[in-house]
Amino acid sequence: MKIHEYQAKALLAARGIAVPQGRMATSPAEAEAAVRPLIEATGVPVVVVKSQIHAGGRGKGRFVEHPDLGGVNVVLEGRAGDVAAAEARVLALAERMLGSTLVTVQTGPEGKLVQRLYVEQGIDIERELYVSVVLDRSVGRNVVMASTEGGTEIEEVAAATPEKIVREEVDPAVGLAGFQARRLAFALGLQGEAFARGVAFLTALERAASDLDADMVEINPLVVTGAGEVLALDAKVSIDQNALFRHADVVALRDLSEEDPAEVEASNYGLSFIKLEGSIGCLVNGAGLAMSTMDIIQHVGGSPANFLDVGGGATTENVTAAFKIITRDPNVKGIFVNIFGGIMRCDTIANGVVAAVRDVGLGVPLVVRLEGTNVELGREIIEGAGIPGLVSASDMKDGARKIVELTR
Amino acid sequence: MSRFVDIHTRVLVQGLGKVGQFHSDRAIAYGTNMVGAVHPGRGGSHHRFEGESDASGVPGRPARYAVDLPVYDTVREAVAATGANASVIYVPPAGAADAIMEAAEAGIPLIVCITEGIPVQDMVRAKRYLQGKATRLIGPNCPGVITPQQCKIGIMPGYIHRPGRVGVVSRSGTLTYEAVKQLSDVGLGQTTAVGIGGDPVNGTNFVDVLAEFQADPETEAVILIGEIGGSAEEDAAAWIEKHMTKPVAGFIAGTTAPPGKRMGHAGAIISGGQGTAAEKIAALEAAGVVVAPTPTDMAAAVQQAMRQAGIL
């Protein structure tokens, strides 16, 4: 589960990680009101107004409505001691940023609507570094990665100068050991006060990642200030979906407006659904089969409208919900139901499909391929329902060809 | 003789909830030698399983079965009482990693964890716990392992399997069933089918299973079914190139998967441009694996690989 930068920083700060001070705002008035207390609390006359969306590259991103405006803006007007000027500038920025659409390298061309801003204290940056905690699947352990190339996408660093990335594998029984944190801090070129703070930062960061069940914690940039402080200037945290049952505080941070409504609805029915751009809706059981159903549609010249795995324990009700979600997409010109019944019985799927068609109607061609447990019963149900426009398929490839032909 | 499970395997089930009961019943119907159950709090009781035997399972059994499976509070007690040498886990996600560790601690040599949705960090710790122990973990988030007509551990439909010549290893449940049914339909059958699971941290990987199939005299060819995410397929390709003398066919799901999205399985995600289907297919083909263009062609790919090797 993804969360916003300001939420990530609050979670990290609560676990002893140094972050700048800031306030979240959902209206221009709130943004304006954040300025004075922030300047007074920190003694820093500079503030930064940052768009909060679930995507990176905000600084270099631009608003569709205001092509001259970036997603992150530094407000210097308060430097002469004129807090009112800083407030006026933040108000003007917030009025343009909130409710506008920010396009970054990670949002795709359609961009993301900015509904929250984070007004944060300005930081006197001396150095920009990089640190993250991620799972290394090949060893089944977390690794802490660090690089002196902060502010750049880590994938770019990995491609151009892989020697500038250092890694420490974490033994889950120990956590990040002291010597490992020191090795990383040395590799980052930290010295004096900053070295001790860096070691503490790295140790706390790894512990937080583990405590929070984070899929990923990325601090880019990690900054060293002129005064030798070590701070998370940005923070990206995503939490393991499977561990949310033990993190009620994190669940409360979920921002549904950042997610695709159809994907949210599907997840409420225990369906795994991902919207794509094509025209053929897919209803499949099993993740591997669902992926390869998309692949085979493309292989025979079509394009899939979605990934949909109804899972192993789906009921007629789930299947009906899945069917409705698929048919609601106006791009969908045809539907391919592809089921290999293992635990999932074919008659359950058949009943779900028939119930859904009766309920919502069928405006597009439908190809059904059933195989596996109770397949005969499933086929009888489908054929007995007499659904006009329904075509049966003998195997996956046959089904994919039929639906692609029917939608041409 | 199979490398993972056979007619002599003595199986314990951990987690006798609805799912555990249903699949234990199916396993007993198939003829799997289920010797006990572990369900904390229900120790000392028995759970009755009865019904019609699965005709596709172990041959030479009566038409009906009736078993009173003894239930234990702990795996250690269950092992002492039954001599179990394998365990299958249906414990819900929050307790599944603990169940894996309990089974390993009790000295069970083969643990098959079916549970989907275990927190990644729980598996990181469980995997660490297994280090240095003589226990093999298969899964989690997998269909299980089956040697046709000898032993079925897991949730796969037994009747699609036939004893035969091909070893099947896969990250996906339903794609395993596709491959198995095709292999049965063309008369090749299976020696053993192993689902290694769709999670990012698992116990047994492609390379481990390939090594077992390579060493198994009955396995003549192998099909490996992978998907996007991670580098297990690339590791397998490297191993095949170096060590595998038997023909290998393959299939990779997720050619059309968008980057950064988890495709159903927790481990099926292209992140930072890594783990794409194209990379995996290229690695396997470079290692001489016949990669099926679609799942419908999986048995055909095995046949082609076997013909190229002169064994078909």
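In this predicted model, helix H7 (residues 232–243) and helix H8 (residues 277–286) of chain B pack at an angle of about 5 degrees, their axes 8 Å apart. That makes H7(B) roughly parallel to H8(B), since an angle under 35 degrees counts as such. On the H7(B) side, the contact is made by B:Ala232, B:Glu233, B:Glu234, B:Ala237, B:Ile240 and B:Glu241. H8(B) brings B:Glu279, B:Lys280, B:Ala283, B:Leu284 and B:Ala286 to it. Sort those residues by class and you get six nonpolar, five charged and no polar ones.

The axes of H9(A) and helix H5 (residues 173–185) of chain B come within 5 Å and cross at roughly 75 degrees. So H9(A) sits roughly perpendicular to H5(B). A:Gly288, A:Leu289 and A:Ser292 of H9(A) make this contact with B:Thr174, B:Leu175 and B:Glu178 of H5(B).

| Helix pair | Crossing angle | Axis distance |
|---|---|---|
| H7(B) and H8(B) | about 5 degrees | 8 Å |
| H9(A) and H5(B) | roughly 75 degrees | within 5 Å |

Let's zoom out to the whole interface. The size of an interface is often given as the accessible area lost when the parts come together. Between chain A and chain B, the buried area is about 3900 Å², and carbon and sulfur atoms give 60% of that. In chain A, the residues that lose the most area to chain B are A:Arg137, A:Met291 and A:Phe340, together 18% of what that side buries. As for head count, chain A puts 47 residues into the contact and chain B puts in 53.

What about polar pairings across the interface? The rule finds 16 residue pairs in polar contact between chain A and chain B, counting pairs with both residues at pLDDT 80 or more. Which elements of chain A give two or more residues to the side touching chain B? They are strands E9 (141–147), E11 (214–225), E14 (272–275), E17 (334–341) and E18 (366–372), plus helices H9 (287–299) and H13 (396–406). H9(A) gives the most, with ten residues. By class, this side of chain A has 18 nonpolar, 15 polar and 14 charged residues.

Side chains of opposite charge can pair when their charged atoms come close. There are seven salt bridges between chain A and chain B. B:Arg128 forms a salt bridge with A:Asp171, with the closest N and O atoms 2.6 Å apart.

Over all chains, a search of the whole structure turns up 43 salt bridges. A:Arg116 and A:Asp255 also meet in a salt bridge, at 3.5 Å from N to O. A:Arg116 lies in the loop between strands E6 (112–113) and E7 (117–121) of chain A, and A:Asp255 in the loop between helices H7 (248–251) and H8 (261–268) of chain A, so the pair ties together parts that are 139 residues apart in sequence.

Most residues other than glycine have a negative phi, and most peptide bonds are trans. The bond from A:Asn220 to A:Pro221 is cis, with omega near 10 degrees, and A:Pro221 is found in strand E11 of chain A. The bond from B:Gly139 to B:Pro140 is cis too, with omega near 10 degrees; B:Pro140 is in the loop between strands E7 (136–138) and E8 (144–147) of chain B. A:Asp213 has a positive phi, near 55 degrees, and lies in the loop between helix H6 (192–211) and E11 of chain A.

Definitions and conventions:
Residues numbered from 1 in each chain as written. Chains lettered and ligands numbered in written order. Predicted model: local features only at pLDDT ≥ 70, side-chain atom pairs only at ≥ 80, totals over all residues. Heavy atoms only, no water. Contact = heavy atoms within 4.5 Å. Buried area = accessible area lost by both parts, 1.4 Å probe. Salt bridge = Lys/Arg side-chain N within 4 Å of Asp/Glu carboxyl O. Polar contact = N/O pair within 3.5 Å; in protein donor to acceptor, adjacent residues only side chain to side chain. Helix = DSSP H or I, 4+ residues; strand = E, 2+ residues; numbered from the N terminus. Nonpolar A, V, L, I, M, F, W, Y, C, P; charged D, E, K, R; others polar. Axes fitted to C-alpha atoms, helices over the stretch in contact; angles between N-to-C directions. Parallel < 35°, antiparallel > 145°, perpendicular 65-115°, else oblique.
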